[in-house]
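Here's a quick briefing to read with the model open in your viewer.

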Amino acid sequence: MRKGNDILMEKDDVHVIAEDLKHLWNVRHYLTGTIVDIYGKHVQSCNEDGLADPRGRIVFVPSVVHGTLTAVGREVTEELRVEKWKTAKDALHGRLIEHQLEAVQMVLLPLCQDSHWVLLIVDMVTKMFHECNSCKGLEFQERAGLTVALLKEYFKERGCDIDHFQYAQMDNFPQQANGFDCGLFVLKAIDHMYAKDPFTFSKSDIPAYRLQLCERFLRGEFGECGDFLKGDI
């Protein structure tokens, strides 16, 4: 539980603590789900302002959906599994309830498991589940299975059948050169999806991108972080 003096920033019910910002600032660290979720929600909010064509809507769903499903271990009760499934579905519903599914072009979901981030795209135009994976050797389809199943169930309950959607890795997605930049590749992918740009970035762009994100936090673009970023990392 994140509470009290540990919280440096609150944004859309997401609580940022010092450890989250240290993982962003320090090279060789994985991004936390908190940073990924705040960023994804921010990008969606910026792109929704003045949106002329609602049919081009892209909806970001936070990593807590996949995280809740995969937090269930093997030796748990069926009651707990059902509870986790409902919690994850409620989080998914919270992001999609205000949208007519036929007006949604894509749904973006960051997934993290075994310390590796990928971006799952539900593409309503091509009728595909696309996996943006910066380390293709780490196949993620089996890990994404519960989240894909939840998406199919949720969409069907709202009258939109995506059971026939195929799952595939994005062939042209840039590849990382180390074992810790995967979360930044996911944020880059989110940028490019909302801008409707091809994936023209590469591993050489990531160090500068990390610094740019730190500067944006310093400026308070994502919310006020108090004095922590002024000299404590």
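This is a predicted model: local features need pLDDT of at least 70, side-chain atom pairs count only at pLDDT 80 or more; totals for chains, interfaces and linings use all residues.

A residue counts as buried when its relative accessible area is under 20%. Keep that cut-off in mind for Asp181, because at a relative accessible area of 8% Asp181 falls on the buried side.

**Overall picture**
- The chain has seven helices and seven strands, and they run along the sequence as β-β-α-α-β-α-α-β-β-β-α-β-α-α.
- Out of 233 residues, 48% are buried.
- If you take contacts between residues at least 6 apart in sequence, 66% of them link residues at least 24 apart.

- Five strands make up an open, mixed sheet, ordered E3-E4-E5-E6-E7.
- E3 and E7 (166–169) sit at the edges with a single partner strand each, so one side of each has no neighbour in the sheet.
- From one strand to the next, the twist averages 20°.
- E5 and E6 (residues 128–132) pair antiparallel over five bridges, and Leu119 has Cys132 in E6 as its bridge partner.

**The cores**
- The largest nonpolar core holds 36 residues, and those with the most contacts inside it include Leu119, Phe173 and Phe199.
- Several elements give two or more residues to this core, among them helix H1 (18–25), helix H2 (33–48), strand E4 (104–113) and helix H7 (206–218).
- The top contributor is H6, with nine residues.
- A second, separate core has 28 residues, including Val59, Val61, Leu111 and Leu120.
- Setting aside neighbours within four places in sequence, Phe199 is in contact with Cys132, Met170, Asn172, Phe173, Pro174, Ala189, His192 and Met193. Cys132 is also the bridge partner of Leu119.

- You'll find Asp181 in the loop between E7 and H6.
- Its side chain makes a polar contact of 2.9 Å with the side chain of Asn178.
- Not counting residues up to four places away in sequence, Asp181 touches Gln176, Ile206 and Arg210.
- Pro207 is 26 residues from Asp181 along the chain, and their C-alpha atoms are separated by 8.9 Å.

Technical notes
Residues are numbered from 1 along each chain as its sequence is written. Side-chain values use heavy atoms; hydrogens and water are left out. Helices (H or I, at least four residues) and strands (E, at least two) are DSSP runs, numbered from the N terminus. Buried means under 20% relative accessible area, exposed over 50%, partly exposed in between (1.4 Å probe, protein chains only). Contact means heavy atoms within 4.5 Å. A nonpolar core is a set of buried Ala, Val, Leu, Ile, Met, Phe, Trp, Tyr and Cys residues joined through side-chain atoms within 4.5 Å. Two strands pair if DSSP finds at least two bridges between them. Axes are lines fitted to C-alpha atoms, for helices over the stretch in contact, and angles run from 0 to 180 degrees between N-to-C directions. A polar contact is a pair of N or O atoms within 3.5 Å; within protein, one must be able to donate a hydrogen and the other to accept it, and residues adjacent in sequence count only if both atoms are side-chain atoms.
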